[in-house]
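Hi everyone, thanks for coming. I'll walk you through one structure today, and you can follow along on the screen.

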Amino acid sequence: MLHLSKREGLPVAVMQSLSEGLPVICYNIRGNNDLVRDNFNGFFVNSYKEVSNKIHYLNLEETFFNEMRYNAFKSINKNFFKKQINSNIYKIVKNNLE
């Protein structure tokens, strides 16, 4: 998935792509860098000029692409699974009530 927004708060499109096992090519900005780890479940680029090289690389390296797809799915579902989110919210509320 290609996401070249230079300002982002909550990158829902990135979250959706990762949850479907699609690696993300994006800028290293707030929001994106909470979800994407460079060379793990996507790529960070510094300029739109780097995008074609990243896409070309993923097309050539099928094994790496498949690993990245697995990592994308695993990373978003591990950290943003409903049970995990509920547990985190519970901890925040509990700490604020004490």
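Let's start with Val36. Leaving out residues up to four places away in sequence, Val36 touches Val14, Val24, Cys26, Asn41, Gly42, Phe43 and Phe44. Keep in mind that what you're looking at is a predicted model.

Now, which residues make up the largest nonpolar core? There are nine: Val14, Leu18, Val24, Cys26, Leu35, Val36, Phe44, Ala72 and Ile76. Helix H1 (12-19), strand S2 (24-27) and helix H4 (62-79) are the elements that give two or more residues to this core. Apart from it there's another core, of eight residues, including Tyr27, Ile29, Val45 and Met68.

Okay, on to the sheet. It's an open one, built from three strands in the order S1-S2-S3, and the pairing is parallel. S1 and S3 are the edge strands, since each of them pairs on one side only. As an example, take Tyr27: its bridge partner in S3 is Val45.

What about helix H1? Val14, Ser17 and Leu18 are buried there. Looking down the axis of H1, you'd find its buried residues within an arc of 95°, so they line one face of the helix. After H1 comes Gly21, which has a positive phi, near 80°.

Met1 sits in the segment before strand S1 (2-3). Met1 and Gly21 are 20 residues apart in sequence, and their C-alpha atoms are 9.9 Å apart in space. Is Met1 buried, exposed or partly exposed? Its relative accessibility is 29%, so it counts as partly exposed. Setting aside neighbours within four places in sequence, Met1 is in contact with Ala13, Val14, Ser17, Pro23, Val24 and Ile25.

Last topic: the aromatic rings. A search of the whole structure turns up three aromatic pairs. In one of them, the rings of Phe43 and Tyr57 have their centres 6.3 Å apart and their planes at 75°, so that pair is edge-to-face. The pair links distant parts of the chain, with Phe43 in strand S3 and Tyr57 in helix H3 (residues 51-60), 14 residues apart. How do the two partners sit? Phe43 is buried, with a relative accessible area of 2%, whereas Tyr57 is partly exposed, at 37%. Together with Phe64, Phe43 and Tyr57 form one aromatic cluster.

Lys54 lies over the face of Phe43, 4.7 Å from the ring centre. Elsewhere, Arg37 lies over the face of Phe40, at 4.0 Å from the ring centre.

Key:
Residues numbered from 1 in each chain as written. Predicted model: local features only at pLDDT ≥ 70, side-chain atom pairs only at ≥ 80, totals over all residues. Heavy atoms only, no water. Core = buried A, V, L, I, M, F, W, Y, C linked by side-chain atoms within 4.5 Å. Buried < 20%, exposed > 50% of the residue type's maximum accessible area, 1.4 Å probe, protein only. Helix = DSSP H or I, 4+ residues; strand = E, 2+ residues; numbered from the N terminus. Contact = heavy atoms within 4.5 Å. Pairing = 2+ DSSP bridges. Phe/Tyr/Trp six-rings, centres within 6.5 Å; stacked < 30°, edge-to-face > 60°. Lys NZ or Arg CZ within 6 Å of the ring centre and 35° of its normal. Arc of directions from axis to C-beta.
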